[in-house]
Amino acid sequence: MEIIWKDFPEKWDDNSSVSSLNLKIPSWPLTNNLFIEGDNYPVLKKLEKNFTGKINLIYIDPPYNTGNAFTYNDKFNSKADSHSAWLSFIFRRLSCAKNLLSDDGCIFIAIDQSELYVLKLLCDKIFGEKNFVNDFMWLHGKGKKDQWSRTLQQHTLCYAKNKSSLKPFNDTIQTQWATKNADNDPRGNWFSGSISFTEKRSNPEHKNYFTITSPSGISWTRQWLCTKDEMNALLKENKIYFGSAPDYDKVPRRKIFNNQTEIIIPQNIIDCTESTKNAAIHLEKLLGKKNIFDNPKPVSLISHLIKITQLKKDSVIMDFFAGSGTTFESVASVNKEDNGSRKCILIQKPEIPKKDIPFKTISELCWQRILKNAEDYNLPKPDKISLSE
């Protein structure tokens with residue numbers, strides 16, 4: 001199959017047409033959450049004027065290539081195969097996203113297997129292979145099955161604008177798996193974790209290169225995974241294990257007890273969040289209506305992605321395929337948890353739902369959820385802008 005990246009004429013390719021659109025562009029810095037109702041491509045092009053290099057994190061769940069026509073204003077050659085049409089559709093939007101991202105920012109793109117591999121190639125082209133972070137695979141329930149297998153995961157490709165400027169990701173866990181107590185510590189069971197580089201891998205010029213001494217007088221000089229002050233505190237609290245008495249001759253390791261919060265490198269398998277079914281139930285309870293939206297993302301999923309990035313607490317987060325508005329609630333939830341002041345920009349086209357739901361358009365559903373979330377989280381009413389042609 002020949003993949004054509006952007007060789008199709010489109011209504012919005014004419015920059016003069018985009019510039020003439022009636023869209024009041026918000027100024028920087030963003031002082032309130034913002035919802036924009038309209039086709040996301042011309043909106044993104046307009047936002048580039050004031051927001052290039054300003055968006056810290058983007059999460060999108062774009063329409064997957066199901067073979068159906070898009071509801072957006074992309075005018076593709078009728079002879080285009082579905083892969084090329086879908087890639088052209090997403091190419092121009094991701095190109096705008098790259099421009100909008102800050103140098104230390106990143107984007108998460110939810111996708112199923114139908115376009116995963118060609119999307120990966122496309123993102124390598126736009127963002128650069130070196131800026132690929134990982135595919136964070138979300139285990140979202142019982143999954144889809146056929147005669148040969150059951151697919152349990154949905155993919156979430158993550159790319160940095162500039163990986164050398166992207167802060168390392170981390171996650172937190174509650175330890176629960178210690179079953180032994182080698183030194184009869186009165187605090188209970190513990191397991192040991194590495195707290196140093198080997199002597200061969202240690203950098204003598206590093207600020208954490210120093211010497212500690214075991215109770216039997218054995219000196220250990222190497223690069224540690226903590227500062228000297230932090231090490232002294234661990235030694236004082238008897239949280240460094242040198243092996244059993246009286247020799248104390250083992251490589252020092254950190255004692256980690258059950259029910260202790262630890263910072264770890266995030267796994268790319270996400271199994272700590274709710275399912276789409278849970279998310280649908282939550283949305284129905286939130287808005288007091290049934291059969292609202294197919295397969296909404298759970299708040300816990302997007303909240304997890306926001307938290308592991310370790311971006312600053314006043315970051316600006318964007319979702320230009322806003323759907324049911326989960327990203328807004330996720331941002332509000334994380335802000336409440338860590339007293340942050342992150343702002344959110346959501347863009348959603350006023351598309352007609354493909355099934356009968358109690359809202360005229362998807363954008364109306366999204367806006368009603370935003371208003372309810374703002375009320376529940378005691379936030380100012382977000383600004384709303386409608387794109388008129």
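**A sheet and its surroundings**

Ser192 has Lys255, in strand S12, as its bridge partner. The model is predicted, and the values below are computed from it.

That bridge belongs to a set of five joining strand S8 to strand S12 (residues 253–257), and the two strands run antiparallel. The sheet is open and has three strands, in the order S8-S12-S11, with antiparallel pairing. Its edges are strand S8 (190–194) and strand S11 (240–241), each of which pairs on one side only. In general, strands of a sheet pair through backbone hydrogen bonds, either parallel or antiparallel.

Next, the nonpolar packing. The largest nonpolar core holds 74 residues, and those touching the most other members are Ile58, Leu94, Ile107, Phe108, Leu119, Met318 and Phe320. Helix H3 (residues 82–100) gives this core its largest share, nine residues. Another core lies apart from the largest one; it has 10 residues, including Phe210, Ile212, Leu234 and Phe242.

Not counting residues up to four places away in sequence, Ile58 touches Ala97, Leu101, Cys106, Ile107, Phe108, Met318 and Phe320. Phe320 also belongs to an aromatic cluster with Phe89 and Phe321.

The whole structure contains 12 aromatic pairs. Trp28 sits in the loop between helix H1 (15–19) and strand S1, whereas Phe51 is in helix H2 (residues 40–51), so the pair links parts of the chain 23 residues apart. Are the two partners buried or partly exposed? Trp28 counts as partly exposed because its relative accessibility is 35%, while Phe51 counts as buried because its value is 0%.

Two helices show how covered segments are built. Helix H9 (residues 362–376) has 15 residues and spans 21 Å from first C-alpha to last, close to the 21 Å expected at 1.5 Å a residue. Its buried residues are Ile362, Ser363, Leu365, Cys366, Trp367, Arg369, Ile370, Asn373 and Ala374. Among the elements covering them are strand S1 (34–37), helix H6 (276–287), helix H7 (299–308), helix H8, strand S16 and strand S17 (383–386). Just after H9, Asn378 has a positive phi of about 55°.

H7, one of those covering elements, is itself mostly covered, with eight of its 10 residues buried. They are Val299, Leu301, Ile302, Ser303, His304, Leu305, Ile306 and Ile308.

Two loop residues complete the picture. Asp112 lies between strand S3 (101–111) and helix H4 (116–127). Asp112 counts as buried because its relative accessibility is 16%, under the 20% cut-off. Its side chain makes a polar contact of 2.6 Å with the side chain of Ser114. Beyond four places in sequence, Asp112 touches Tyr64 and Lys144.

Gly340 is in the loop between helix H8 (326–338) and strand S16 (343–348). Gly340 is also buried, because its relative accessible area is 17%. Its C-alpha atom is 6.3 Å from that of Asp314, which lies 26 residues away along the chain. Leaving aside neighbours within four places in sequence, Gly340 contacts Lys313 and Asn335.

Methods:
Residues are numbered from 1 along each chain as its sequence is written. This is a predicted model: local features need pLDDT of at least 70, side-chain atom pairs count only at pLDDT 80 or more; totals for chains, interfaces and linings use all residues. Side-chain values use heavy atoms; hydrogens and water are left out. A nonpolar core is a set of buried Ala, Val, Leu, Ile, Met, Phe, Trp, Tyr and Cys residues joined through side-chain atoms within 4.5 Å. Buried means under 20% relative accessible area, exposed over 50%, partly exposed in between (1.4 Å probe, protein chains only). Helices (H or I, at least four residues) and strands (E, at least two) are DSSP runs, numbered from the N terminus. Contact means heavy atoms within 4.5 Å. A polar contact is a pair of N or O atoms within 3.5 Å; within protein, one must be able to donate a hydrogen and the other to accept it, and residues adjacent in sequence count only if both atoms are side-chain atoms. Two strands pair if DSSP finds at least two bridges between them. The expected span of a helix is 1.5 Å times one less than its number of residues. Rings of Phe, Tyr and Trp (its six-membered ring) pair if their centres lie within 6.5 Å; planes under 30 degrees apart count as stacked, over 60 as edge-to-face and the rest as tilted.
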